[in-house]
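Visitor: Could you walk me through this one, a piece at a time? I'd like the cut-offs as we go.

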Amino acid sequence: MNVRVPIRWAPYVLVSPFLILFALFGLFPLLFSGWLAFQAWEPSYGLEAMRFVGLDNFIFALQDAWFWKSLKNTLWLALASGLPQHMVALPLAVLIHNHFGRLRDGVSGAYFLPYITSTVAIAMLASALFSTDYGMVNAALQALGLDKQAWTTHPLFIKPTIALVVFWRYVGFNIVLYLAALQTVPRDLYEAARLDGAGPWQQFWHVTLPSLRPMILFGVTLSIIGGLQLFEEPFILTNGTGGTDQQGMTSGIYLYRLAFEFSDFGGASAMSWMLFALVALLTWLTNRALGERR
Amino acid sequence: MAWPAAGARAHPVQLTVTAYPNVDQIIRAVVPGWEAQHPGVKVRLVSRQYVDHHTAMTTALSTSGSLPDLMALETSYMGGFALGGGLLDLSQAPFHAELLKPEFTDFAFSLGRNRDGKQVAVPADIGPGTMLYRHDLLAQARVPVEALTQSWASYVAAGRQIKKATGAYLISHARTLKDIMVRCKVPPGGGQYFDAQNRPRVTDAVFVEAFELARQLRREALDAQVVNWTADWAEGLKRGRLATELSGAWMAGQMANGVCPNTRGLWTAAHLPEQSFAYYGGTNYALPRLADPSRRELVWSLLSALTCDRQAQLRAFKQEDAFPALRAAQDDPFFDEPLPFLNGQRARLLWREAAQRIPALRMHRQHKFADEVVNAELDNVLEFNKPIMKALADAQQVLEVRASR
């Protein structure tokens, strides 16, 4: 049988693989999660056991001390790992762009390497570095006559250790973003600035930074979204539990555990929508702060 | 118990069984013999990592999609699974699982009951709690084993001496001590975190006592502050930095074959302090309620082969250190054999005695969450000097909100 598709359908046929996959793995889970947020559900009874409970799950989320704790941890980690990423990546990208010549690609590639390395490998490396009794960091501290610290188990050190690993992993990604943006800044602007007597600092402040503004907005937005969805690094570094006193329990980890370990899919769905609202709000605020002035 | 053997079938039947390591190995060993007795029936084994398996089973039951015919469930997950509604009632005809009760160790069989008291799972192996101790470190510190076992307080006092003489920590984490103390002191038939009226009971005296002893342990730096199954914990065992390990009997096999084989002959097993008896892990088999009913007869036959066959149970014990829940498998001469890792000790006899004295506990579907809440409050006590009564009252408050969800 010879099936001919009218030509006007061609665009739809061509994009249909994406649309079908998106509907299955993107849209459906989203809508189902929205539905679940208003249901009480004992999952092991099957889908027919759902019962509409209105806003109960949202009220429960607002009253759940663990949800707030996970949110606080998440915001702390997003800030402590996200802000330094940009504070370091931006000047480093300028330095690489201006002074490394042919070595630029190699150096930026080296910084980018952790980003494409398996999270499990990174977490294993971090465990070996930060092990209390057998780690290299404590060995170095003790060689200097300082006390060893429980980097991955003491409540005061868990979050800084996770933040350091996240920072190390993503700083290279931001360097690459800024390097790409730097190549689009017209040389004329720097020449004009130099003719006007601007030094390197003034060129950076008055030419480079304003030119990079769209990319900064893009990079910071990605960091906010990624930071608030942080899961892999703290999950592996704390053996999936959030660690001592749940200091490394991000909202992502808590939602996962609430649904799959504590069987409260309704509560977890309500919390995930609240987290989505927070991500949207922070993204909008970032856009307001860093976006183009009209 | 016997089930009529199925004859040759017109259409090949495939049963799907899901499990996790090393239970998958035990199933693999049983399947060929069972398939030979059931011509035309094939068993497809799907094995996932421990946590992934239980997550997958939760998802399968919740959506009724890709349901296996038979699933293995680890004991610590039984609260959520058995007390939910996704498992088939095996007390009903034609299974009559109640008739199997005398054949199994009491506590293990009771873990498979749902909230209506119906049997929804059958145990295969159990983990009788035991204390493994480094006899070389005890000798070095001139500490008799009775000091470790007499009482929980004497256990901590002995740890003080061991630390002073050898530098080794008494135990991996204060949390482990708290966990086992609480579990050992639950009244028979009671619940660890919730009473019969579904009320949290974490402000009871037993929790106060366990928290106090854990705090003492931490203040005297007797715990290594490492979590089991981490690299630090394994290194501690390999290097003789941990003097005792409180766990299930299967731990001796794990240590001998993977964690710290270099310490062979340096360990001895004893009962838990204060003649306490508790379980650490175990495996159960259950049928999903919504799985294909036409295959239940066959699945029950396979379940019986995995749980009620003495030879299969013994093979699992010999090959995978899976201590049999089946009483008939507990009287084999294999129990009398010395264990080289434990310096030739006939430790299986000790564990058999422990298995018979473990009290049955009532599970609660929020058991795992309660575990987390109580541990978080213990962390507050150990790390931030939070008053114990305040910590337990806070845990009680959180659990009161959760108990009804």
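Visitor: Which helix holds B:Gln313?
Guide: In this predicted model, where local features need pLDDT of at least 70, side-chain atom pairs count only at pLDDT 80 or more, and totals for chains, interfaces and linings use all residues, B:Gln313 lies in helix H13 of chain B, residues 310–320. Helices (H or I, at least four residues) and strands (E, at least two) are DSSP runs, numbered from the N terminus.

Visitor: And is B:Gln313 buried or exposed?
Guide: B:Gln313 is buried, its relative accessible area being 4%. Buried means under 20% relative accessible area, exposed over 50%, and partly exposed in between, with a 1.4 Å probe and protein chains only.

Visitor: What does B:Gln313 touch?
Guide: Not counting residues up to four places away in sequence, B:Gln313 touches B:Ala124, B:Leu306, B:Thr307, B:Ala322, B:Pro324, B:Ala325, B:Leu326 and B:Ala329, where contact means heavy atoms within 4.5 Å.

Visitor: How are the numbers and letters assigned, by the way?
Guide: Residues are numbered from 1 along each chain as its sequence is written, chains are lettered from A and ligands numbered from 1 in the order in which they are written, and side-chain values use heavy atoms, with hydrogens and water left out.

Visitor: Where is B:Gln140, then?
Guide: B:Gln140 is found in helix H5 of chain B, residues 135–141. Leaving out residues up to four places away in sequence, B:Gln140 touches B:Ala165 and B:Thr166, and its C-alpha atom is separated by 8.0 Å from that of B:Ile162, which is 22 residues apart from it along the chain.

Visitor: Switching to cores: which residues touch the most other members of the largest one?
Guide: A nonpolar core is a set of buried Ala, Val, Leu, Ile, Met, Phe, Trp, Tyr and Cys residues joined through side-chain atoms within 4.5 Å. The largest has 77 residues, and those touching the most other members are B:Leu70, B:Leu132, B:Met255, B:Tyr285, B:Leu342 and B:Trp351. Helix H12 of chain B, residues 296–307, gives the most to this core, with seven residues. Apart from this core lies another, of 74 residues, with A:Tyr254, B:Val156, B:Ala158 and B:Leu177 among them.

Visitor: What is in contact with B:Leu70?
Guide: Leaving aside neighbours within four places in sequence, the contacts of B:Leu70 include B:Thr16, B:Val17, B:Tyr285, B:Pro288, B:Val299 and B:Leu306.

Visitor: How many helices and strands does chain B have?
Guide: Chain B has 16 helices and eight strands. Its radius of gyration is 22 Å, close to the 22 Å that the globule rule gives for 405 residues, so chain B is as compact as a globular protein of that length. That radius is taken over C-alpha atoms, and the rule is 2.2 Å times the number of residues to the power 0.38. Of the 405 residues of chain B, 61% count as buried.

Visitor: What about chain A?
Guide: Chain A has 12 helices and two strands, and its radius of gyration is 24 Å, whereas a compact globule of 294 residues would have one near 19 Å. Its C-alpha atoms fill a box of roughly 75 × 75 × 45 Å along the principal axes, and 44% of its 294 residues count as buried.

Visitor: What share of the contacts in chain A with a separation of 6 or more joins residues 24 or more positions apart?
Guide: In chain A that share is 65%, and in chain B the corresponding figure is 74%.
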